[in-house]
Amino acid sequence: MRRMVAETRLSPADLILPAFVREGVSEPVPIGAMPGVVQHTRDTLRRAAAEAVEAGVSGIMLFGVPEDAKKDGLGTAGTDPDGILQVAIRDVRAEVGDELIVMSDLCLDEFTDHGHCGVLDEDGRVDNDATLERYAEMAQVQADAGVHVVGPSGMMDGQVGVIRDALDTIGKEDVSILAYTAKYSSAFYGPFREAVGSSLKGDRKTYQQDPANLRESMRELALDLEEGADMVMVKPAGPYLDVLAKVAAAVDVPVAAYQISGEYAMVEAAAEKGWIDREKAILETLTGIRRAGGRMILTYWATEAARMLSAGAR
Ligand code: PBG
């Protein structure tokens, strides 16, 4: 009876798998703070993409981890056509074709030696407008590599509009933009810093949002839509379900939510200690995000959860 009358249903197609690929490794490298998640080699990334397709997952969001020596102030490895992220996009497209929506992180932080999402001015502050020029170039190389959707995650003002123009200029009108609309400056990104070998010292408070604010997110939403966002995202997911619900009620574009590294780590750590039922907790967090209005959910459990759902779990 409960199954019949359930107001929220999850299915594999709701899920998107974020995945890390590291340059120059011959074996996958485990991420300590994210048990079960690895920095992939090019080969194991292809396999993970194929498994995601098999499990019925809708998409994959790729993050590149360059060799340390290739990081610099401008994040040039991020716009190198042969940079690790572009190589990975080509690999995954070759593996899955159009069976999986291939998405890429469009941000400089994985590629800069200072770890910020943009380039810095003389005073060491992130320079919004100079960063937009880098993002435009990055969008074009990712599109040339074959990405279906770009995910600008740097929270620079005007990024969606600049990226849309850059894509259209090279005839990539069909590459979509998943805008990180409400991205909060969160402590829960902690494990991600290990996952991408981040060089960041300090914080991202000058460009990511204050967890205390909701109205501000609605303003960011209006701007992103005006600039041409095809889909919008709220991130993190769990601690911001009210934001997600409000965004979902306000728009007629698809809404995504990103269940981030720290949300993943908390459940895994508590389960490892035997304090919670791991699988039930995973599905409960995902159901909550879906109930709040997340049409697409980015989660490191995507493939596993898709299999659980196909096996009838709820
Ligand atoms: C920035 C980016 C971050 C995440 C996704 N894109 C890190 C940050 O903003 O500090 C975090 C994802 C996660 O924690 O799972 N490129």
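What follows is a chat about charges, patches and strands in a predicted model.

Colleague: Before we start, what are the ground rules for this model?

Modeller: It's a predicted model, where local features need pLDDT of at least 70 and side-chain atom pairs count only at pLDDT 80 or more, while totals for chains, interfaces and linings use all residues. Residues are numbered from 1 along each chain as its sequence is written, and side-chain values use heavy atoms, with hydrogens and water left out.

Colleague: OK, salt bridges. How many salt bridges does the count come to?

Modeller: The count comes to 16 salt bridges, a salt bridge being a side-chain nitrogen of Lys or Arg within 4 Å of a carboxyl oxygen of Asp or Glu.

Colleague: Which residue does Asp-14 meet in a salt bridge?

Modeller: Arg-290, at 3.7 Å from N to O. That pair links distant parts of the chain, 276 residues apart: Asp-14 sits in the loop between α1 and β1 (15-22), and Arg-290 in helix α10 (residues 278-292). Helices (H or I, at least four residues) and strands (E, at least two) are DSSP runs, numbered from the N terminus.

Colleague: Is Asp-14 buried or exposed?

Modeller: Asp-14 counts as buried because its relative accessibility is 4%. Arg-290 is buried too, at 18%. The cut-offs are under 20% relative accessible area for buried, over 50% for exposed and partly exposed in between, with a 1.4 Å probe and protein chains only.

Colleague: What else is in a network with Asp-14 and Arg-290?

Modeller: Arg-295; salt bridges link it with Asp-14 and Arg-290.

Colleague: And which residue forms a salt bridge with Asp-91?

Modeller: Arg-42, with the closest N and O atoms 2.7 Å apart. Asp-91 is in helix α3 and Arg-42 in helix α2 (residues 42-55), so the pair ties together parts that are 49 residues apart in sequence. Asp-91 is buried at 8% relative accessibility, whereas Arg-42 is partly exposed at 45%.

Colleague: Staying in α3, where does Gln-86 lie, and how far is Gln-86 from Val-147 in space?

Modeller: Gln-86 is in helix α3 (residues 84-96), and its relative accessible area of 0% is why it counts as buried. From C-alpha to C-alpha, Gln-86 and Val-147 are 8.7 Å apart, though 61 residues separate them in sequence.

Colleague: Switching to the surface: which residues gather in a patch of positive charge?

Modeller: Arg-2, Arg-3, Arg-9 and Arg-314. Patches take residues with over 30% relative accessible area and no salt bridge, joining like charges within 9 Å and nonpolar side chains (Val, Leu, Ile, Met, Phe, Trp, Tyr) within 5 Å. Lys and Arg count as positive and Asp and Glu as negative, leaving out His and the chain ends. A charge is placed at NZ of Lys, CZ of Arg, CG of Asp or CD of Glu. Arg-3 lies in helix α1 (residues 2-5) and is exposed at 59% relative accessibility.

Colleague: Which residues make the nonpolar surface patch?

Modeller: Met-1, Met-4 and Val-5, giving about 390 Å², with areas from the Shrake-Rupley method using a 1.4 Å probe and, for residues, only the protein chains shown as cover. Met-1 is in the segment before α1 and is exposed, with a relative accessible area of 74%.

Colleague: Last topic, strands. How many residues of β5 are buried?

Modeller: Five of the six in β5 (residues 101-106) are buried. Strand β4 (residues 59-65) runs parallel to β5 and is joined to it by four bridges; strands pair if DSSP finds at least two bridges between them. Met-61 has Met-103 in β5 as its bridge partner.
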